[in-house]
Amino acid sequence: MKTIIAANWKMNKTRAQAEDMTREVVASLKEQPVTDRTVLIFPPATALDCVSKDAGNVLETGIQNIYPAENGAFTGEIAPCMVHDAGGSWVLVGHSERRHIFNEPDDLITQKVNFTLAHDLKMMLCVGETLEERDAGQLRQVLSRQITSGLSGQGNAAVPSIAVAYEPVWAIGTGRTAGPAEIVEAHGIIRDVLRILFNKDADEVPILYGGSVKPGNAHEILSLDNVNGLLIGGASLEAQSFLAIVRA
């Protein structure tokens with residue numbers, strides 16, 4: 001499988017800023033292609049169309065959140081048809097900020113996963129434990145629950161459209177990064193759970209690490225067992241920083 005380097009811009013960048021950075025990244029990757037990696041950007045919803053247009057065939061793009069309905073009275077929400085219309089092909093589901101700031105429960109995340117995959121979009125499921133859960137020895141329990149709940153409605157045919165991102169909640173935007181042993185342990189647990197769900201096809205599901213990834217630690221993290229990519233927040237907001245990680 002190709003390594004996935006994904007940028008989550010969260011609630012940052014105007015359309016003009018998003019266009020400028022996308023063009024800079026695309027120009028650099030055209031000049032010095034990175035053929036063994038999928039480069040993916042999750043811009044804010046207001047910029048998905050212009051980022052997708054400028055991405056050409058160099059980048060893939062996606063939406064940061066989705067609602068499991070075709071249309072209707074869901075103020076502020078985004079339907080799959082709108083993602084397609086704006087040129088996106090991915091959906092980020094279950095990000096820790098959606099779980100812990102907006103209190104999205106497991107059953108809603110499961111609905112989003114099912115709806116995303118049923119509408120010909122690729123889906124990146126985010127999972128991860130809080131510091132309290134880790135300190136209580138609940139790492140395996142939490143990851144198993146989040147993955148099993150999120151993917152329980154999927155068969156092996158969905159595997160090519162699925163990625164999982166491990167993001168320890170205590171390492172997101174804090175400057176604190178999980179150590180190599182902690183990442184290997186968590187990614188090993190995730191792979192084990194995926195094998196229960198998908199048998200041998202589980203090894204085709206990329207597992208990304210997210211949590212204070214920077215140019216200085218990207219290479220080390222990517223070299224670890226069961227790390228098939230990176231989900232990057234703050235360090236993805238500046239073109240040269242992001243490109244350094246893409247080429248790590």
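Is Phe74 buried, partly exposed or exposed? Phe74 is partly exposed, at a relative accessible area of 35%. Buried means under 20% relative accessible area, exposed over 50%, and partly exposed in between (1.4 Å probe, protein chains only).

This is a predicted model, where local features need pLDDT of at least 70, side-chain atom pairs count only at pLDDT 80 or more, and totals for chains, interfaces and linings use all residues. Residues are numbered from 1 along each chain as its sequence is written, and side-chain values use heavy atoms, with hydrogens and water left out.

**View 1. The whole protein chain.** The protein chain holds 10 helices and eight strands. Helices (H or I, at least four residues) and strands (E, at least two) are DSSP runs, numbered from the N terminus. The C-alpha trace spans about 45 × 45 × 35 Å along its principal axes. Of the 248 residues, 54% count as buried.

**View 2. The two aromatic pairs.** The structure holds two aromatic pairs. Rings of Phe, Tyr and Trp (its six-membered ring) pair if their centres lie within 6.5 Å; planes under 30 degrees apart count as stacked, over 60 as edge-to-face and the rest as tilted. Tyr67 and Phe74 form a tilted pair, 4.5 Å centre to centre with 35° between the planes. Tyr67 is partly exposed, at 25% relative accessibility. Tyr166 and Tyr209 form a tilted pair too, 6.2 Å centre to centre with 50° between the planes. This pair links distant parts of the chain: Tyr166 sits in strand S6 and Tyr209 in strand S7 (residues 207-210), 43 residues apart. Both Tyr166 and Tyr209 are buried.

**View 3. Gln154 in its loop.** Gln154 lies in the loop between helix H7 (139-151) and strand S6 (162-166). Gln154 is buried, with a relative accessible area of 17%. Leaving aside neighbours within four places in sequence, Gln154 is in contact (heavy atoms within 4.5 Å) with Val113, Asn114, Leu117 and Phe198.

**View 4. Ala235 and its surroundings.** Ala235 lies in the loop between strand S8 (229-232) and helix H10 (239-246). At 14% relative accessibility, Ala235 counts as buried. Which residues does Ala235 touch, not counting residues up to four places away in sequence? They are Val213, Lys214, Pro215, Ser241, Phe242 and Ile245. Ala235 and Lys214 are 21 residues apart in sequence, yet 5.8 Å apart in space, C-alpha to C-alpha.
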